[in-house]
Amino acid sequence: MTIRANEAWTDRRFTYRAWTGKAAQLGALVGIAWALVAGVSSLWWAVAAVMYFAMSCLGYAICVHRGLCHRAFVMKPAVTRVLSIVAALGLTGSPMGWIGTHRTHHAHADRPEDPHAPGDHGWWLLWTGPDLEIDWWRIRDMLRDPFQRWLHRYYLLVPLTWALLLAVIDPRAVVFGFVIPAGVHVTTSNLSTILGHGHGYRNHDLRDGSTNNALLALLTWGEGWHNNHHARPTSWSLRERWWEFDPAGQIIRLMAATGLIERNSLRTAP
Ligand SMILES: [Zn+2]
Ligand SMILES: [Zn+2]
């Protein structure tokens, strides 16, 4: 694909499929209600928790957001691929599509061009999610990677294959290994766009309205220290005060120690 500077358009044909996120949210509601009434084994809830951790923390917070989007560190290629696929299971779009939107958010935070701007939608964002528009120029680094282009083009095949595999094992595995964790991930992801701007306190007096929110940080493995993040977007850790617990940052440190992330590639500034 050839791209030129300032070339941007909306790609809604095969990228995000907003309906899949909404379907996961509805499916998770039905699944949780059914599980509570039916009284399933706590082992199934553990499966859901592990999968939520995989999609939300390993897939999005670490790989797609801090690693690929902000280049806070360099992962081993195999780690990047596996975690990009895990992220795609969370139904918030392809990593490339998500990054195109998120970089636009950082460039225009809380201004009219911001695709996350909560001002226009308020709490409806919890259901509708941000307005996804991909600026191809902003993701020209991603476009150079044939694997990411493939994952973007055939994004929906990944969660569908996962669901089929789980269905072969046990129909309940589809509910707890896919539908519930994906529905929760879509919801906490949408919640980030609301609570991360205008709900909480600030360590940095920035021009945007970003805020640190402890509840959001708890639900999203440290991603809720959003004012810290806007102040230092390329930092691998979002923790600045001792009590700002950042589990994703701790795991990044562990991944660097074990060689899954290239040693000495961790960035902390500016
Ligand atoms: Zn933000
Ligand atoms: Zn960011």
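**Notes on a predicted model: loops, helix packing and confidence**

1. Leu 91 is found in the loop between helix H3 (77–88) and H4, and in this predicted model the residue has a positive phi of about 60° although it is not a glycine. Most residues other than glycine have a negative phi. Leu 91 is buried, because 30 other C-beta atoms lie within 10 Å, where 20 or more are enough for that class.

2. A positive phi is also found at Asp 110, about 65° in this case, although Asp 110 is not a glycine. The residue lies in the loop between H4 and helix H5 (118–121). With 18 other C-beta atoms within 10 Å, Asp 110 is partly exposed.

3. How are H4 and H8 oriented to each other? Helix H4 (residues 95–107) packs with helix H8 (residues 146–153) at an angle of about 95°, their axes being 7 Å apart, and the two helices are therefore roughly perpendicular to each other. On the H4 side the contact involves Pro 95, Met 96 and Gly 97, which meet Gln 148, Leu 151 and His 152 in H8. Sorted by class, this contact of H4 with H8 has three nonpolar and three polar residues, and no charged ones.

4. Cys 57, Ala 61, Ile 62 and Arg 66 make the contact from H2, while Pro 247, Ala 248, Ile 251 and Ile 252 make it from H13. By class, the contact of H2 with H13 has seven nonpolar residues, one charged residue and no polar residues.

5. Leu 126 has its place in helix H6 (residues 125–128) and counts as partly exposed, with 18 C-beta neighbours inside 10 Å. Leaving aside residues up to four places away in sequence, Leu 126 touches Thr 187, Asn 190, Leu 191 and Ile 194. The C-alpha atoms of Leu 126 and Ser 192 are separated by 8.9 Å, although these residues are 66 residues apart along the chain.

6. On confidence, the protein averages a pLDDT of 88, and 90% of the residues score at least 70. Over residues 1–14, however, the pLDDT is below 50, and this stretch has 15 contacts in the model beyond near neighbours in sequence. Where pLDDT is low, the predicted coordinates should not be read in detail.

Terms used
Residues numbered from 1 in each chain as written. Chains lettered and ligands numbered in written order. Predicted model: local features only at pLDDT ≥ 70, side-chain atom pairs only at ≥ 80, totals over all residues. Axes fitted to C-alpha atoms, helices over the stretch in contact; angles between N-to-C directions. Helix = DSSP H or I, 4+ residues; strand = E, 2+ residues; numbered from the N terminus. Parallel < 35°, antiparallel > 145°, perpendicular 65-115°, else oblique. Contact = placed C-beta atoms within 7 Å. Nonpolar A, V, L, I, M, F, W, Y, C, P; charged D, E, K, R; others polar. Buried ≥ 20, exposed ≤ 12 C-beta atoms within 10 Å, placed from the backbone. pLDDT = per-residue confidence, 0-100.
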